[in-house]
Amino acid sequence: MSKTCCGPGYASPLEAMEAPREKLLYTIAIYVGTGIQAPDYLATIDGDPESETYSTVISRCEMPNIGDELHHMGWNACSSCFDDAKMERKYLIVPGVRSSNIHIIDCATKPREPKLFKIIHGDEIKNKTNLSGPHTVHCLGSEIIISMLGDAKGNAPGGFLHLSKDFEILGRWENDLGGMKFNYDFWYQPRHNIMVSSEWAAPNTFMPGFDLEEVGLLKYGREIHFWDFKEKKVTKTHYL
């Protein structure tokens, strides 16, 4: 099936499944916790079975700092921009959950050798939004939201960072967290005006390492939240 519109991504999951096979893969590699004092990096892997370098790492894009602990990452544009010819799936947004630095990596100019385009520094995020611990990145079409696991001091519940398409900090995305105690992963469906978010723990809890006793002290989440996507507020919470 051929792509039927003008922007990045696809009109449906079925169309995405029938798209041509990806020939390059991007994944993070981290040194945090290994005792090796070196920057984490984005690895580019050759995914073309016809290539002489198939299934090998063909380039590394190192971060400029040590100790970021790169985690989840996402594109600046996705199927939310399916019908927008002005948008391009060009940049990977790669957060460091430990440093709160957010790395913008250009994967389109030289797809086999991505380069760091910009850093949104954790200190700037903390100062402007009182948020830290970036986790999940999602494209809203022309803008971006990132779930943040803590406040500037690493305490729960965190919130959501709102970025422009040019990676400028717009502030916090949410209007009302309701009774949300922790933040973690999320996904949204604008056609049904819904967003769903889950809970993990505060950065001050998980960064030192897992302690089973802290589960009993209710320092880990156990609820799932349903949002009014347009109003940007929690409307219902289910205890799990």
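Me: What covers the buried residues of α2?

Reply: This is a predicted model, and in it the cover includes the strands β6 (102-106), β7 (115-120), β9 (144-150), β10 (159-163) and β11 (169-172).

Me: Which residues of α2 are buried, and what makes them count as that?

Reply: In α2, which spans residues 122-129, they are Gly122, Ile125 and Thr129. Buried takes under 20% relative accessible area, so these three come in below that cut-off.

Me: How do you know that the buried residues line one face of the helix?

Reply: Look down the axis of α2: the buried residues fall within an arc of 65°, so they sit along one face. On the other side you get Asp123, Asn127 and Lys128, which are exposed. Exposed needs over 50% relative accessible area, so those three pass that mark.

Me: What is Ile125 in contact with, beyond its neighbours within four places in sequence?

Reply: Its partners are Ser100, Ile102, Ile120, Asn130, Leu131, Met148, Leu161 and Ile169. Contact means heavy atoms within 4.5 Å, so each of these residues meets that limit with Ile125. One of them, Asn130, follows α2 and has a positive phi, near 60°.

Me: Which residues have the most contacts inside the largest nonpolar core?

Reply: Ile125 again, along with Ile93, Ile102, Ile120, Ile146 and Leu161, in a core of 15 residues. At least two residues of this core come from each of β5 (91-95), β6, β9 and β10, with β9 giving the largest share, 3 residues.

Me: What does the second, separate core include?

Reply: That one has 11 residues, among them Phe160, Met180, Phe229 and Val234.

Note on methods
Residues are numbered from 1 along each chain as its sequence is written. This is a predicted model: local features need pLDDT of at least 70, side-chain atom pairs count only at pLDDT 80 or more; totals for chains, interfaces and linings use all residues. Side-chain values use heavy atoms; hydrogens and water are left out. Buried means under 20% relative accessible area, exposed over 50%, partly exposed in between (1.4 Å probe, protein chains only). Helices (H or I, at least four residues) and strands (E, at least two) are DSSP runs, numbered from the N terminus. The arc is that of the directions from the helix axis to the C-beta atoms. A nonpolar core is a set of buried Ala, Val, Leu, Ile, Met, Phe, Trp, Tyr and Cys residues joined through side-chain atoms within 4.5 Å.
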